[in-house]
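Work through the exercises below with the model open. Each task is followed by a stepwise solution.

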Amino acid sequence: MTFNYFNIIKNDVITITGAGGKTSLLFFLAEKLSEYGKVLVTTTTKIYCPSEEKYESLIIGNNISTGKNKNITVAGSRIEDEKLHSLPYDEINNMRKNYDFVLIEGDGAKEKLLKEWNDYEPCIPEFSTKIIGVINMDILDLNISEENIHRFELLKEKFPKDINKKITSDFLQRYILSADYFKNSSKDSEKYLFFNGIDGENYLTKFQEAIKTAYKLSENSFLPKIFMGSLKEKMIYPFKKLDAVVMASGFSKRMGKNKLSLSYKGRTLLEATLEKISHISFNEVIICGREEWVESLADKYNFKYCYNSFADLGQSESIKLGTENSIGEGIAFFPGDQPLLAEDTILNLYYEFQKTNLITIPTVEEDRFSPVFFPEDKKVELLKLEGDTGGKAVIKKTPVINLVKFSSKEEFKDIDTIEDYLYILNNKK
C-alpha cells in the first residue's frame, strides 16, 4: 500500500479532534483509503449525517441503507436533527475487525474554527492508533471571542489577557501547546497536527504563519508530527524543516572587487538579501563566507556562519559546506546578490517545495533562476559536487523537478558586472 497522508497503514484506527475541518478530513481520508480497502467511518460524538454519495452502506442500529461510494461504511447509533450520533467504544472495537481502516470523529466544535475542551473531551477510544488534531488557518486575524470559539468561557479562563485581541501565530503557538487535542489518548498512539485552510487569496500569508507557528512549536519540544494543506483544494503535505544557505564566498573576478560589499539602499548587496531572508521562517540560515565583514553580518542577523576554506575551488564548495552544516529536511540555496528578489517570491517557492518535496526552481519563459530548493534526499549528491558548476549536475540527473513560473526576470537579476550594478541602482524597488 502507498498512502501519503499521516503515514496511515492497514488496521489503523484514526481519531480526529479539534476544529475547522474535522468532518471534511474524515471523508477526504475515507475517499482516499477506500482505494486500498474497506473503510469504517463513525463518531464518538455526533456529526451531520452524510449524503449517499459519501458511503456504500449506512448502518443505523439494525437498519442498513445503500449509497453510491464503494468500500465506505458509515455507522452510528441513531439520527436526530440530521445528526449521526455516536456508537459505544466497545461496539466500534467489535466492528473494526471487519474493516481495513477505521476513521472516527472524536470531537465537536459547533462549526466554529477554534475550541476549548471540557473534562470529557475529546472522546478518543483507547484502541486508536493515530490521533489527528485539526487547526484551521482561517482563524488568523479573527477576534478571540465567543463568535469564533467553541466553549469560549473555558478558553477565557486560560487566556484572560488575550480576550478580544486578534489571533496571531504567537497566540496559536501558545494555544496549541496548551490544547487538549490528544487528551485521553493512548501514549502509544501516533499524534499529528494538521494546519488546514492554507488556500484562498491570502494563502501565502497563511502559509507563512503556519510555518512560523510550526517552528515555534518545535523550539518548545512539540512532539506530534505536523502536516499542512487545504481540504478545499484536496491537498495535504508534511511540514519539512527547511534550511537556507546563502553563498557569500565568491571572488567576483569580473567586478574586480567583492560585489556583495557594494552599496545598495544604504547597506551592502549581501545585507539586502539577508534582511529579506530574515523575514521568513527557516529552520536555520547558514552563511558560507570567507571575510570578516560577512561573518559580522551573520552575527547581526543571528545566522550561522561557516568559513569557506576552499572558496577558490568554485561555487560547489559553498554548496557542500552549506549541505554539511544543514540539519534540515531540505535546503534552499540563495546567491547573495539578488537585491530585487521579493519576499513573496521566496515564500511562493517555499510553499511549492513544501507541497511537492521536489527540487524547486523559479522560471521565466524558458530561463531558470535562483534560489533553488533541494529535498533532503539530494544531500548525498550535493556533497559530491566539484568545481564551479553549482547544483546543475544534480538537477540534470533528476527526472522530475518542480518548475515554478514567474512573469518577470527582473527580480531574479544577479550582479555580475558594473552594468548590472548600475542597472539595479537605477531600478530600485
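**Exercise 1: a strand and its neighbours**

Leu-193 stands opposite Ile-226 in strand 14. The model is predicted: local features need pLDDT of at least 70, side-chain atom pairs count only at pLDDT 80 or more, and totals for chains, interfaces and linings use all residues. Residues are numbered from 1 along each chain as its sequence is written, and side-chain values use heavy atoms, without hydrogens and water.

Task: find which strands pair with strand 13, and in what sense.

Solution. 
1. Take strand 14 (residues 225-230). Strand 13 pairs with strand 14 in the parallel sense, over four bridges. Strands are DSSP runs of E, at least two residues, numbered from the N terminus; two pair if DSSP finds at least two bridges between them.
2. Take strand 11 (residues 130-136). Seven bridges join strand 11 to strand 13, and the two run parallel. Here Ile-132 has Tyr-192 of strand 13 as its bridge partner.

Task: explain why strand 13 counts as largely enclosed.

Solution. 
1. Count burial over residues 190-196. Six of the seven residues are buried (under 20% relative accessible area, 1.4 Å probe, protein chains only).
2. Therefore strand 13 is largely enclosed by the rest of the structure.

Technical notes
Buried means under 20% relative accessible area, exposed over 50%, partly exposed in between (1.4 Å probe, protein chains only).
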